[in-house]
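Please look at the sequence and the structure before reading on.

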Amino acid sequence: MNAVRVILADNQYLTRFGLKCLLGSQENIEIIGEAENEAELLDLVNIERPHLVIIDYFQQDHFSVSTLRKLQSLSPSIKLMVITADNNKHRIYNVIEKGVSGFLTKTCEKKEILDAIFSITQGQRSFCNKILELILERSFAKPGDECAPTPLSDREIEVVKLISRGLIAKEIAGLLNLSTHTIYTHRKNIMKKLNLGSSSELVLYAVNSGILQ
């Protein structure tokens, strides 16, 4: 497997240094650049063509939500992972709806960050537990509403519950005594059955259908 080429975008030196130390020790991750403002970042992306940009958009005069749009226009195939201290719900929902590949907070631990990167490189979207709670909170499910029968099998429902808890395929496979490949197949079938395009949509479905209490 080729190394994931990563650019770090944060105006705080200590944050970039910490991420560089954390990720630089992983043999399948290559830090190819750092940027402390939008202009530097766009130039770097244009030249280096990274697989992943890890960015904090909530930094006035350095990065913003519009930076994410510019990155997506510049390189549609690029994956964006947010690690931020922003706690504004409206802004967070707005960023998630823009299709970022991952969204974590700066309170996340090492394992959560590495798991998120792994999930993203596998073509999934990844949200930390705090962000998943916000997604659930936004759900318009009403207590007492009758739920339509789910088209999912019992095993698929188990997988949905575990995905909704923020677990990655490898963790789910371990809990259910299945192969990681089998979990990916279940997830693919679930998304196709429900006509969903992202993990966040799947979590909302789980709440609205009564799968997730």
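The text below takes up model confidence, then aromatic rings, then the pocket.

The structure is a predicted model, in which local features need pLDDT of at least 70 and side-chain atom pairs count only at pLDDT 80 or more, while totals for chains, interfaces and linings use all residues. Residues are numbered from 1 along each chain as its sequence is written, and side-chain values use heavy atoms, with hydrogens and water left out.

**Confidence**

The predictor's confidence in each residue, pLDDT, runs from 0 to 100. Its average over the chain is 87, and 92% of the residues score at least 70. Helices (H or I, at least four residues) and strands (E, at least two) are DSSP runs, numbered from the N terminus.

**Aromatic pairs**

Rings of Phe, Tyr and Trp (its six-membered ring) pair if their centres lie within 6.5 Å; planes under 30 degrees apart count as stacked, over 60 as edge-to-face and the rest as tilted. The count by this rule is two aromatic pairs.

| Pair | Centre to centre | Angle of planes | Type |
|---|---|---|---|
| Tyr13 and Phe17 | 5.9 Å | 25 degrees | stacked |
| Tyr57 and Phe103 | 6.1 Å | 65 degrees | edge-to-face |

Tyr13 and Phe17 are four residues apart in helix α1 (residues 13-24), so about one helical turn separates them. For accessibility, buried means under 20% relative accessible area, exposed over 50%, and partly exposed in between (1.4 Å probe, protein chains only). Tyr13 is exposed at 53%, and Phe17 is partly exposed at 39%.

The other pair links distant parts of the chain, 46 residues apart: Tyr57 is in the loop between β3 and α3 (65-74), and Phe103 is in strand β5 (residues 102-105). Tyr57 is buried at 2%, and Phe103 is buried at 0%.

**The largest pocket**

On a 1 Å grid over the protein atoms alone, a pocket is an open set of points where a 1.4 Å probe fits, with protein on both sides within 12 Å along at least five of seven lines; lining residues have an atom within 4 Å of a point. The largest pocket holds about 380 Å³ of space. Its lining has 26 residues, and Ser126, Phe127, Gly166, Leu167 and Ile168 lie nearest the centre. Helix α5 supplies the largest share of this lining, five residues.

Conventions
Points joined across faces, edges and corners; volume = space filled by probe spheres on them.
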